[in-house]
Amino acid sequence: MNVVNKKKIYPSIHSYSDQDFVKNFVFNKNIVGKVLKNLEKIDESIKEHHLLFFLDYCKFNTTFYDRASKFNISSRTYSDCVWKVVTASKSLNFKNKFSKRLNSKIDDLVSTSNDQFLTLVVDSTFIPFATTDQSFYSGYYRKGNGRGVKFQVSCDSSGEVFTVHGPYKSTAADITIFRETLGRVPLCAGERFIADKGYVGESNKILCPHKETENGLTSKEKLENRFIKRNRLIIENVFGVLRRFKIMDVPWATNLSKLRDTFFFLVYIYNLSIRFNKKIIEKAMKEDEEKKDEDEDEELQTNSDENIDQFLTDCTSSWQDQNKD
């Protein structure tokens, strides 16, 4: 790529407005800044533009040549920055302790037993893969001519991701992937996960929607499906954030190991953003509680002052009445 007489652009986090930064890199400046600090602990040579090039590539996923031309640098320089970040990110760990899933459990309202509860929501997402290998083809998916891979993801009710498994060929059935992964994990008594109809077959471990029959669904089954759908929305929201990156829609042209590392890193950043937002929400709730306590104290004081004023008024009136007599 010819970059002669062109000024090379090495973007920085603060060279964008808050709005433009999210538009170009999906996550906000605070989150990306935290990610950068974590990467620097692994590799001191990583700079801001390395991470921004990585996010830029994932966001638009055209070609290295196309993306590099935006910054007036060679495609080799651009790609080296991207893979440098991916390599370092392999030392980061997005996963939670599996036991923490119990912190956000919800009642299993579909169950007839009072001790049943639900923890993680499970689903898979498809990423197109640039290959001519027909073993990656599934007529179920339209993106990338149906050739691609799947990642199985689980999250809790707050949207924080707990597990990622993959990539699997798109022909792999969701329930098969589950049986090879989460299905082997010992669950607590009364615990189940939530999933869609693709996971039917393990009712003791997964709560799935009722399938339509010739006679239709009963009123009870419709209500149960509505409950399941409402609680499954959280995993769709997770995928909704990740799908802002074009790597989820445009066929991945590099090897699958790099796709796996890239996907895991994006999930790591996503989880960091969820935790950061949790802290903001918790801080806001704490401030609201403190404000509420202050208001209550002030109200008590005001009421007390009013009572004293009323008492003094009553005393004054009584004294005046006595003197009139």
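User: What makes glutamate 202 buried or exposed?

Analyst: Keep in mind that this is a predicted model. Glutamate 202 has a relative accessible area of 17%, and buried means under 20%, so glutamate 202 counts as buried.

User: And its contact with arginine 179, why is that called a salt bridge?

Analyst: The closest N and O atoms of glutamate 202 and arginine 179 are 2.8 Å apart. The cut-off is within 4 Å, so the pair qualifies. Glutamate 202 sits in the loop between E5 and strand E6, while arginine 179 is in helix H6, 23 residues apart.

User: Which label does arginine 179 get, and why?

Analyst: Partly exposed: its relative accessible area is 39%, which falls between the 20% and 50% limits.

User: How do you know that lysine 220 is exposed?

Analyst: Its relative accessible area is 52%, and exposed means over 50%. Glutamate 224, its salt-bridge partner at 2.4 Å, has 9% and is buried.

User: Why are H1 and H3 called oblique?

Analyst: They pack at an angle of about 60 degrees, with their axes 8 Å apart. Roughly parallel needs under 35 degrees and roughly perpendicular starts at 65, so H1 and H3 are oblique to each other. Among the residues making the contact are Phe21 and Phe25 of H1 and Leu52 and Leu55 of H3.

Note on methods
Residues are numbered from 1 along each chain as its sequence is written. This is a predicted model: local features need pLDDT of at least 70, side-chain atom pairs count only at pLDDT 80 or more; totals for chains, interfaces and linings use all residues. Side-chain values use heavy atoms; hydrogens and water are left out. Axes are lines fitted to C-alpha atoms, for helices over the stretch in contact, and angles run from 0 to 180 degrees between N-to-C directions. Helices (H or I, at least four residues) and strands (E, at least two) are DSSP runs, numbered from the N terminus. Angles under 35 degrees count as roughly parallel, over 145 as roughly antiparallel, 65 to 115 as roughly perpendicular and the rest as oblique. Contact means heavy atoms within 4.5 Å. A salt bridge is a side-chain nitrogen of Lys or Arg within 4 Å of a carboxyl oxygen of Asp or Glu. Buried means under 20% relative accessible area, exposed over 50%, partly exposed in between (1.4 Å probe, protein chains only).
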